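The following report concerns the structure shown below.

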Amino acid sequence: MRDKNYIKFLLIIFCLLPFSTFAKELQKPKFLDIQVVKDEKSNITAWLVEDHSIPVIAMSFSFRGAGAKNDPIDKQGLARLTSNTMDEGAGDLTSQEFQKTLRDMSISLSFSASRDNFSGALKTLSQNKEKAFELLKLALTKPRFDEEPVGRMRDSNKSRIKSSLSNPRWIAARIQNDRLFEGHPYAMNSGGTLSSLDKITSDDLRKFHKTLGKNQLVIGVAGDINAKELKKIINYIFSDLPDVKIKETKKYPLQNAGKTYIYKRDIPQSIIAMAQKGISRDSKDYYAATLMNFILGESGFGSRLMEEIREKRGLTYGIYSYFRRYDEADTLNVSTSTVNKNVKEMISLIYKEWDKMKSEPVSKEEINDAKSYIIGSLPLSLTSTDSIAGILLSLQLEHLPVDYLDMRAEKINSVTIDDILSVSKRILDKNSITTVIVGAPKGIKAEVITDIPNVE
Amino acid sequence: MLKRICIIMLLCLLILFPFTKISSAKDSTNRNKTKHIKVPKIFNAKTHTLDNGLQIIVVENHRSPVVTHMIWYKVGAADEPQGQSGIAHFLEHLLFKGHEYKGLGSYEPGEFSKIVRKLGGEDNAFTSQDYTAYYQSVAKEHLEKMMTIEAARMRGLNVAEKDIASENKVIQEERRQRTDNNPGSLLLEQLKAALFTNHPYSIPVIGWMHEVKKLNKDQIMEFYDRYYAPNNAVLVISGDVIAQDVFDIAKRTYGILPSANTPKRKRTTSPPFIADTLITLHHENVKEPVYKRIYRVPSYRQNAGESLALEVLEEIMGGGSTSRLYKSLVIDKKLATNIGFSYQGAAWDDSILGISATPSSIDKIEELEQAISNELKKLIKEGITDEELSDSITRMQADAIYARDSLSGPAMIIGYNVITGSSLDDIENWSEYISHVSKDQIQAVAKKYLNPDMPYNHPPVTGLLLPKKLKTTKKGAE
């Protein structure tokens, strides 16, 4: 397989801009026919795309701000462990009864915790929708957190952490988060540590569960359901949840700029993870930065990094740049790997691309190709019921207007070559890059990390 | 749509009308007499074969104005000449390095991917033991362009020596990334080498490093010329298209290519073995042990009936947290934190059935292995329950509905099944075939292939991934 593991989905998210008040759409066919469904009684809103061509309904939802960043430092992994156990028994149903009902009715229900948000996803055949909604409501309102499944999920997480210690990419990411976000909750291990997971009790999970409020909810639904029915359903599922106090977020500056870290490991190929400050989603330069990054390294084949480093020199199987956006930090990352002896050359080639992007305008062809991909690839991300529900969720998490997808092409097309040069000059700074290397590279000056942070 | 409750009832009560398509899918001793139930076809695919032998399969799906175009070649790593391991995969990489064919155009190295991306599309390729496939997903109006360029590279590869040399380095990096940096992959590579003695599945798809380094242009071009031809390929297209239009475009593009004299597939076979094999890898980067056991079992092409029974068995033994193995070993006995039981019937020769577990601690490994054996013995002795059978079948049929909820998914499923010897009818009627699998058949395949007391003519290979310093005193699998 030719590596191309960037997710097109991310690109769309990267192009999101804040609410634009002047948008008055002309009468043209909509990209997606999004209905805003509001249950006045509970004040809960869901975005819906109806599609009755396949008897499937998908729902994605997030409790904004309820993610792992709120974990106490000695109980890292709390949000994650809660997400693992919310579907392990609820109401009168034990873990096995709950799971068996899901499986026998082919309902997929899962919860997850990112650094910022606590989320869930439900997918069901139309014929089983009543049961699916009932189980989701039960899981959200009456989770049991019985000792047995909690213990089992704790063990499974500890096992996952120990297995991850064989994975140099995981180690590089762990060190990178620890160094970039030093002093901020994002530096913690959102998957928990071997000792913190032992400290989390069922009561902690129950306490965490109470922090999930209906006033934080963001919901996207797609498939075989209409607005009238959905309105009732969102009231039925979510209205019993409490309202909670919403915390303010503010941006935290990246730490340890310009430093290089190495974790020595006797493996043939070194993993390289680099990051510098990214761009905030409400920046006026957001689209220009998106196009710049696409040209630099997001696009895989055809990107400058891939062409220079893989295609011309055969130094790696894959190299990508990408923006990461959290509520409280923004980064621009490069990740790649190469045989130990080439690490130094690789890093200097990456720096060279930084310099080039800052000093010379991109070509007409580069900008046009980037625009046509970013605009043209949208339909491909809307080809399954759950991917549509996922996009509806993301749009809302990014505070975008319901007609955003119809305005998106225009925003992208309006970016000029000069815009890209000016944003490159403003944000790209090779001296501020924090680099983490895992492996046995030659000739690299770096601070040596001996203990992987927040694992034990 | 599927009326699941009716199916469960009918399965138990009515009479089975045997299928003619796969006679082995029925069991003459079947006591669970079931009626022939009309289950809808999964994809409603349409097919046509060009004069040059290229089979085309189209799945119409009008949800979104996009299309996936996939070409599947009936050649993979297991068809490589001896000593040239990795050549099928190397060739796959080189197909992105430029080609030209009279009437279909000329393309620079990397140009095809760039064209696809310019159109907002996605493209990639992959190689397995039995097939090599290339695909693009694009807006539907660009389908003809994709077909033109893909047809040109079926017979018109034109790659420069310097690109071969630099791509060889890329593939070495790929091998380091996938395998050499990863103790779990290293172990699995060795388990397969032991399981498939004297069969090419013993060689990894990416190739052995020392052989990959030496692959040259002549060898690669010879392999390409021999196997890349319309009569050795299947074209699968799914998306917002009309089948007849696709057939017409295919005729104008792929249709101009001559068929080739592709050699008939010849594979060596393994002799029966009797000794148990245990392979242990102590590795300094391992902190969590892994227990693995792999068996040789029939693929769908080799034995459709047994293959279908193995699919249902997989669902019963390994399908999530309510499966037999998970309930017994993870929840009840706490011998493992995770366990999997997997089977994939789409292979030309023998398929692999794998059991894989994360032991709850290193000193529990023997007990874990014993407990897995006990579960298998219980399965062989007592079989499965009516409820297990009907619930599994219902879930599997629901999965078939979900399979339609995707653009490239149907092309993928059809592609790897057809290219490994299933007929289109087999795939379309899978939901129905599955509903005819009986308890007896499942018990029979378990007894034949998984019996810990009497292993089939190829005993399984067991693997242990362990931390460096801890030594196990274990002698071998039972």
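The centres of domain 1 and domain 2 of chain B, taken over C-alpha atoms, are separated by 29 Å. Domain 1 covers 46-256 and domain 2 covers 277-467 of chain B, with bounds that come from an automatic or database domain assignment. This is a predicted model, in which local features need pLDDT of at least 70, side-chain atom pairs count only at pLDDT 80 or more, and totals for chains, interfaces and linings use all residues. Residues are numbered from 1 along each chain as its sequence is written, while chains are lettered from A and ligands numbered from 1 in the order in which they are written.

Between the two domains of chain B, 30 residues of domain 1 are in contact with 27 residues of domain 2; contact requires that the C-beta atoms of two residues, placed from the backbone, lie within 7 Å. On the domain 1 side, the elements of chain B that give two or more residues are E2, strand E3 (66-73), E7, helix H6 (183-195) and E8. Here helices (H or I, at least four residues) and strands (E, at least two) are DSSP runs, numbered from the N terminus. The most is given by H6(B), with eight residues.

The open sheet of chain B has six strands in the order E1-E2-E8-E3-E7-E6, with mixed pairing; two strands pair if DSSP finds at least two bridges between them. Strand E1 (46-49) and strand E6 (122-127) of chain B each have a single partner strand and stand at the edges, so one side of each is left without a neighbour in the sheet. From one strand to the next, the twist averages 15 degrees. Strand E2 (residues 55-60) and strand E8 (residues 233-239) of chain B run parallel and are joined by six bridges; B:Gln55 has B:Val234 in E8(B) as its bridge partner.

Two helices of chain B lie across this sheet. Helix H2 (residues 87-94) of chain B lies across E6 and strand E7 (132-139), at about 165 degrees to E6(B). Helix H9 (residues 243-252) of chain B lies across E1, E2 and E8, at about 150 degrees to E2(B). Axes are lines fitted to C-alpha atoms, for helices over the stretch in contact, and angles run from 0 to 180 degrees between N-to-C directions.

In chain A, the axes of helix H4 (residues 129-141) and helix H9 (residues 227-238) come within 8 Å and cross at roughly 35 degrees. From H4(A), A:Phe133, A:Leu136, A:Lys137 and A:Leu140 meet A:Ile233, A:Tyr236 and A:Ile237 in H9(A).

Across the chain interface, 58 residues of chain B are in contact with 54 residues of chain A. H5(B) gives the most to the chain B side, with nine residues. Ala, Val, Leu, Ile, Met, Phe, Trp, Tyr, Cys and Pro count as nonpolar, Asp, Glu, Lys and Arg as charged, and the others, Gly among them, as polar.

| Side of domain 1 of chain B that touches domain 2 of chain B | 18 residues | ten residues | two residues |

The predictor gives the complex an ipTM of 0.91 and a pTM of 0.91. Chain B averages a pLDDT of 89, and 90% of the residues score at least 70; pLDDT is the predictor's confidence in each residue, from 0 to 100. Over residues 1-37 of chain B, pLDDT stays under 50. Residues 473-478 of chain B also stay under 50. Where pLDDT is low, the predicted coordinates should not be read in detail.
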